[in-house]
There are 2 protein chains.
Amino acid sequence: MEKLVVIGLGLIGGSLALDLKKRNGYTVFGIDENAEHIKKALELGIIDSEIDFNQIADASVVIIAVPVNIISQITLKVLDVVSDDTLVFDVGSVKNEICKAIQNHSKRKNFVAAHPLAGTEFSGPEAAILNLFDEKVNILCETDKTDWKILDKAFSLFKKLNMRIKMMSPEEHDRHIAYVSHLSHVSSFMLGKTVLGIEKNEQHIFDMASTGFASTVRLAKSSANTWAPIFLQNKENVIRSLDEYIKNLSEFKKMIEDNNDEGLRETMNSTNYLKTILKGIK
Amino acid sequence: MEKLVVIGLGLIGGSLALDLKKRNGYTVFGIDENAEHIKKALELGIIDSEIDFNQIADASVVIIAVPVNIISQITLKVLDVVSDDTLVFDVGSVKNEICKAIQNHSKRKNFVAAHPLAGTEFSGPEAAILNLFDEKVNILCETDKTDWKILDKAFSLFKKLNMRIKMMSPEEHDRHIAYVSHLSHVSSFMLGKTVLGIEKNEQHIFDMASTGFASTVRLAKSSANTWAPIFLQNKENVIRSLDEYIKNLSEFKKMIEDNNDEGLRETMNSTNYLKTILKGIK
């Protein structure tokens, strides 16, 4: 049976393991520096066995699903040992740094820089679920640097997951994702912080959450281990998006201060255009 | 059959009409200055007939579900004509202004200031749905100024809707709701505006929405007609919450600029406490 190695058994790594085991019949091996994660992943049937870096040379596929601050070092370590036929891909939310880090490695052609746009606000092996990736987009970067047979293997695997593939340069990816994904997380975290800071009465927060707060603050439940490194690694783009966001908030505040009813309506009406763009997305 | 009059046939008015008709057997009459709303509400079976202000004297219940900027004038107009036995309640998201506006009316005792904490991002009669209010909180203000028989009728009606009743002063209501509800709407609208402002490629927005953007920006689909008046009427509280929010965003941005990994983690970890508070809410 073909050997799948998943490094990092959190939400994304765990979900990939579950789905690829089921859909592709892999024997799944796990690596995670957190012993609790290994234990949980074995219990939940996410992996068949634990494995060590020196046993992965003959793996068919190695998935690197660790926080972005350690992706580069782990990927280099993996590329050092895998065979010519091994497909190695990461799933990080920032792509520029990893693409640069491995660009001169002799096994660069074994690597695919991927970002499957899927997830929930939960984390750890317990958060792993089946069918997380169906119909979702998977962004691949610098695929021209991957061996065509390895890339072909990656395509087959992503097709098994029912993912829609998009190609982008790492710079382009990091710029777009800062606005659409990373900024959403910061805005949600800070909304949560603001409400927690002012509302001493937890029952009030619970009671009033149905007014839109619960969904808007959903991402504030996300893991700091995942997100602190993402914000720092995509620093420039995230800061630019935050500057823009704060500017828009300040302008909106000014309109409220000035009783500028027309300006408020105009702003909200044009933002309503998202209804059209996001049609069909829940 | 008892006569229920609903003024303003949008999401909330329409949903109350549907549910109370079904659960309490009322004959439902509608008033809406938008002729299209009346037509749609008749088509959808939300109301049985249109009615005029001079025909509502014998109504058992009158619900005022119009935008907050016209709630006071409509409520005064209604109180001028209803009988001693009519329960009149509004459903506005700001409570201080309406409570002040009607405080000296001879029919003050017929009125209950209510805010059912329920809704979706959609608007108009087409957005009306059954079971919207079940298990949701309904905040009532200054109920000591309502006649006990009228208040008793209101309690029966809200119990039929399976709502949980909370009492609060109007000032308290407006202060809490600014943070938990109104701020969520502003943060979502401005997230939408920021992304629309930078992302010229609509396909990119659609493709990347599954990264958390879709849910965080959900409220940005809400109606400007509803929300511009709310922000203006709860001005002071909304501005205070926005100041706090912008301050938190700026501090978080500073941590990113300073590579303050520890600060970022600490901030996100403490905000994760929302997981505990919001447990069970979807």
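I'll start with one residue: B:T271 sits in helix α11 (residues 261-271) of chain B. Helices here are DSSP runs of H or I with at least four residues, strands are runs of E with at least two, and both are numbered from the N terminus.

Before going on, the ground rules. This is a predicted model, in which local features need pLDDT of at least 70 and side-chain atom pairs count only at pLDDT 80 or more, while totals for chains, interfaces and linings use all residues. Residues are numbered from 1 along each chain as its sequence is written, chains are lettered from A and ligands numbered from 1 in the order in which they are written, and side-chain values use heavy atoms, with hydrogens and water left out.

Back to B:T271. Is B:T271 buried or exposed? B:T271 is buried, at 2% relative accessible area. The cut-offs are under 20% for buried, over 50% for exposed, and partly exposed in between, with a 1.4 Å probe and protein chains only. A polar atom of the B:T271 side chain lies 2.8 Å from the backbone oxygen of B:T267. Leaving out residues up to four places away in sequence, B:T271 touches A:F189, A:G192, A:K193, A:L196 and A:A220. Contact here means heavy atoms within 4.5 Å.

That takes us to the interface. In total, 93 residues of chain A are in contact with 93 residues of chain B. The area buried between the two chains is about 9000 Å², and carbon and sulfur atoms give 70% of it. Buried area is the accessible area, with a 1.4 Å probe, that two parts lose on being put together, summed over both. On the chain A side, A:V180, A:M208 and A:K221 lose the most area to chain B, together 7% of what that side buries.

Now the polar part. Between chain A and chain B there are 33 residue pairs in polar contact, both residues being at pLDDT 80 or more. A polar contact is a pair of N or O atoms within 3.5 Å; within protein, one must be able to donate a hydrogen and the other to accept it, and residues adjacent in sequence count only if both atoms are side-chain atoms. Which element gives the largest share of the chain A side that touches chain B? Helix α6 (residues 170-198) of chain A does, with 21 residues. By type, the chain A side divides into 46 nonpolar, 27 polar and 20 charged residues. For that count, Ala, Val, Leu, Ile, Met, Phe, Trp, Tyr, Cys and Pro are nonpolar, Asp, Glu, Lys and Arg are charged, and the others, Gly among them, are polar.

Next, the symmetry. Chain A can be laid on chain B with an RMSD of 0.0 Å by a turn of 180° and a shift of 0.0 Å along the axis. The two copies are therefore related as by a two-fold rotation axis. The superposition is by least squares on the C-alpha atoms of residues with pLDDT of at least 70 in both copies. Among the residues of chain A, A:T216 comes closest to the axis, its C-alpha being at 2.3 Å. Also, 100% of the interface residues of chain A are interface residues in chain B, so the copies meet through the same surface.

On to salt bridges. The rule is a side-chain nitrogen of Lys or Arg within 4 Å of a carboxyl oxygen of Asp or Glu.

B:K253 counts as buried at 16% relative accessibility, and B:E257 as partly exposed at 33%.

In chain A, A:D134 pairs with A:R23, the closest N and O atoms being 2.7 Å apart. A:D134 is in the loop between β6 (111-116) and β7 (137-141), and A:R23 is in helix α1 (residues 11-24), so the pair ties together parts 111 residues apart in sequence. A:R23 is partly exposed, at 22% relative accessible area.

Last, B:P125, in the loop between β6 (111-116) and β7 (137-141) of chain B. B:P125 counts as buried, at 1% relative accessibility. Its C-alpha atom is 6.2 Å from that of B:H37, 88 residues apart along the chain.
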